[in-house]
Amino acid sequence: MRRLSFLLLFIGIAFVANAQIASNFYWIQFTDKNNSPYSIDNPEAYLSQRALQRRANQGIAIDEYDIPVNPQYLQAVADCGAELVNPSKWLNGVTVRITNPDILEAVRALEFVETTRACVNNPEAQRMKERWLAKEMDFSPAENPMRGYYGGAYTQINQLNGIALHDSGYQGEGMVIAVLDGGFIGAEHHPAFDNMREEGRLLGTRDFVYGSTSVYTQSSHGTSCLSTIGGYEPNVFVGTAPKASFYLIHTEDGNHENIIEEYNWVSGAEYADSLGVDVCSTSLGYIDFDMSEWNHPFEHYDGQTAPMTIGANIAATRGMVCLNSAGNEGDSWNGECTLGIPADSDGVLTIGAVDENGSRAYFSSVGPTYDGRIKPDVMAMGYDTYVASSDGGYYHGSGTSFSCPVMAGMVTCFWQAFPNATAAEIRDAVRECSDRFENPGNKYGYGIPDFVKGLDILPVHELPSEVSEIISVYPNPSVGNVKVVLKEGVKAELSVYDYMGRFIFDHHFNGLNHTSLENRLNELGAGVYFITAQSEYGSQTLKLVKTN
């Protein structure tokens, strides 16, 4: 009998009292996307330029999954009196709040509504879960270890032989990571993220739990996870992808264990995809819920049944690399799978936990999946991992919640070294460069990756100089007075987009008419912009960060 869920896959979490899920939340499943105003032929209406470029780079066609939920269906549900919460285009439905049984019956009567699913909370089950989580709140205080440039984070990156990637110039520049979690208390002022904020690499935030304007509430778990990737305080703490850009997405309600959280995550992953995110790091997982009818029996661990797993599978087909914690149920292993949803997804890199010596942490969950696949995929340091705390300091924490983002940062830097590789090729290469690749199993998966070895698995394809240098923009980041240089003898058609992929303006640039273009760029407010150049030499997209 498995224990009562493991919500956030970590040992230790800070909760703040909030409430989202009540007995009046429902999932509404639609039958189709017929008569939608959106079409496959016009993806610019719902996908950013960066998302489209990622698909183009990997030869991924736009399909029906990309088309948003039919807004006419959403309006009809709202007209019945339901409060819309989060639509999901991949699952083709919407979570809603309904305050009257008559409203529910009216929604069920709509011809395009296939099914409805109640999302009910059990307060006593929640209290049981909190008592169980309290047993895991066993943090070790930071000892301020002096280990050179990486500070206390040295061991966790060195174990993956990732320092060589950084030394080769791959620290995540130009890559975008989404961290989907249960809250980011303290991240808005922690010094580990000062550099990220100053350079404009914190691209945005989104709350899919409460729909609020801030993700810096409820839990500091996301703050600790984010730090293992993007933290940058030289000689104190440096993460595994310290120069990447980030979106922080809140999908997990720390006060409940409710099936609606799986739907929240899918909506969050869709949002990340639409923004053009490269890598998603998720330290969440689900086994049992407050209501037993939602529980995931072993039969659900087939990689295609649970809502979050279905969403993770679709996310992988969009060309993102998604990583997920394996779970902290390993000490209850009796030969059965102890993973949490969506760690069973074939498209997800599932990350287990080891200690600094490479030995599996006792709590690290194991497979196989119901259909016999090996899980976890690979391992990283998740026992006594050095992470940031919400009070501006650091501590040692344990859980696969931390091994996952440690690995996510390294995978991001690895992909940066192979810009023409597909997401599937990156996932395969990460497994192949691991120390148990020839003899994998369900406790260690394929083992601990050696990312220096990984450099020999995929060839580095540098872009031709005449393509990669059509234009350049400096200074970048800029506080104003942007200058643009066009390759000599080249003419280019430029298009400028904001970080959401919304078109701003275009410009025919012949290399001489600098003033009008630079004036328009200087008029842009602070933010992240993408400039796409089309010329006889090919195309180029570059990012401009304005901090004015």
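Begin by selecting residues 527-535, which form strand 21, together with residues 538-546, which form strand 22; in this predicted model the two strands pair in the antiparallel sense over nine bridges. Follow the chain from strand 21 to strand 22, and you will pass through a hairpin that joins them through two residues. To see how the two strands line up, pick out Ala-533, which has Gln-540 of strand 22 standing opposite.

Next, move to an open sheet of four strands, whose order is 2-3-1-4 and whose pairing is antiparallel. Which strands stand at the edges of this sheet? Select residues 83-88 for strand 2 and residues 113-119 for strand 4: each of these edge strands has a single partner strand, so one side of each is left without a neighbour in the sheet. As you turn the view, look for the twist, which averages 25 degrees from one strand to the next.

Now select strand 1, residues 25-30, and strand 3, residues 93-97, which pair in the antiparallel sense over five bridges. Within this pair, highlight Ile-28, whose bridge partner in strand 3 is Val-94.

Helix 2, residues 71-79, touches strand 1, strand 2 and strand 3, and the direction of helix 2 makes about 155 degrees with that of strand 2. Finally, select residues 260-275 to show helix 9, which also packs on the sheet and touches strand 1, strand 2, strand 3 and strand 4; the direction of helix 9 makes about 60 degrees with that of strand 2.

Conventions
Residues are numbered from 1 along each chain as its sequence is written. This is a predicted model: local features need pLDDT of at least 70, side-chain atom pairs count only at pLDDT 80 or more; totals for chains, interfaces and linings use all residues. Side-chain values use heavy atoms; hydrogens and water are left out. Two strands pair if DSSP finds at least two bridges between them. Axes are lines fitted to C-alpha atoms, for helices over the stretch in contact, and angles run from 0 to 180 degrees between N-to-C directions. Contact means heavy atoms within 4.5 Å.
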